[in-house]
Amino acid sequence: MAHEHTVIQTRRNYTSLAFCISLLTLNSYSKQSPKICNAIGALTVAYNLDLKNQTLDYFVHHTMGLVLGGIVTFNSHTFNYPGPPPDIFDSWINFEVSTIFLCLYYIFNKHSAFKAPFLITFVYYRFYKFIPVNFSEQARMEIRDICTDHYLIEYGPCINMMNGITIGIITLNTIWLRLMIQKMNKELRRRRVDPLNGRINH
């Protein structure tokens, strides 16, 4: 059973790594061809269908990813509008920069080299960059553009879902950051240096 769990998690790590790289690569071309955003949405839906045997936090994360992916896939704005896609798309997709380091951390047997890059990019993209962009007046206008003439969802529910996902993902990222800080503090206490003799206490 433990071996089966390890195999599943290893497969998920490699799948997540491929998903993140694909998403970031596709997004780099979306400025020239906004329709790529719809393809990114479809890819996001496919990836987040993996809901079986997930922990509660990842189940919630994947569920929000499914809804967001569906909204992006069937939005008419990027499908029909020739201009650049909404800036809020960048703020969401850039989350995956930190996920790349998390995947590498587990793929390389929890190698410590990936801890600092993961934490730095996690805070940078998921808080420092994301929050100002998504709580701006421009973001509100972009959400209205995304939800106007949506192929699948009525305007009002679409707006509510977009706003709900924004709050939901900030809440989830805050919970994860708190858990990471707690884990770091625990490791520091376990490895603290005795000031009297310079010996590391375990």
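**Exercise 1.** Is Trp 176 buried or exposed, judged by relative accessibility?

*Solution.* The structure is a predicted model. Buried means under 20% relative accessible area. Trp 176 has a relative accessibility of 13%, so this residue counts as buried.

**Exercise 2.** Classify the geometry of the ring pair formed by Tyr 58 and Trp 176, and locate both residues in the chain.

*Solution.* Step one concerns distance: the ring centres lie 5.5 Å apart, and the cut-off for a pair is 6.5 Å. Step two concerns the angle: planes under 30 degrees apart count as stacked and those over 60 as edge-to-face. The planes of Tyr 58 and Trp 176 stand at 35 degrees, so the pair is tilted. Step three concerns location: Tyr 58 belongs to helix α3 and Trp 176 to helix α10, 118 residues apart, and the pair thus links distant parts of the chain.

**Exercise 3.** Classify the pair of Tyr 105 and Tyr 106, and state the accessibility class of each residue.

*Solution.* With 5.0 Å from centre to centre and 70 degrees between the planes, the pair is edge-to-face. Tyr 105 is buried at a relative accessible area of 11%, whereas Tyr 106, at 39%, is partly exposed.

**Exercise 4.** Determine which residues of helix α9 are buried and how they are arranged around the axis.

*Solution.* Within residues 137-147, the buried ones are Ala 139, Glu 142, Ile 143, Ile 146 and Cys 147. Their arc around the axis is only 130 degrees, so they lie on the same side of α9. These buried residues pack against α3, α4, α5, α8 and α10. Just after the helix, Asp 149 adopts a positive phi of about 55 degrees.

Methods. Residues are numbered from 1 along each chain as its sequence is written. This is a predicted model: local features need pLDDT of at least 70, side-chain atom pairs count only at pLDDT 80 or more; totals for chains, interfaces and linings use all residues. Side-chain values use heavy atoms; hydrogens and water are left out. Buried means under 20% relative accessible area, exposed over 50%, partly exposed in between (1.4 Å probe, protein chains only). Helices (H or I, at least four residues) and strands (E, at least two) are DSSP runs, numbered from the N terminus. The arc is that of the directions from the helix axis to the C-beta atoms. Contact means heavy atoms within 4.5 Å. Rings of Phe, Tyr and Trp (its six-membered ring) pair if their centres lie within 6.5 Å; planes under 30 degrees apart count as stacked, over 60 as edge-to-face and the rest as tilted.
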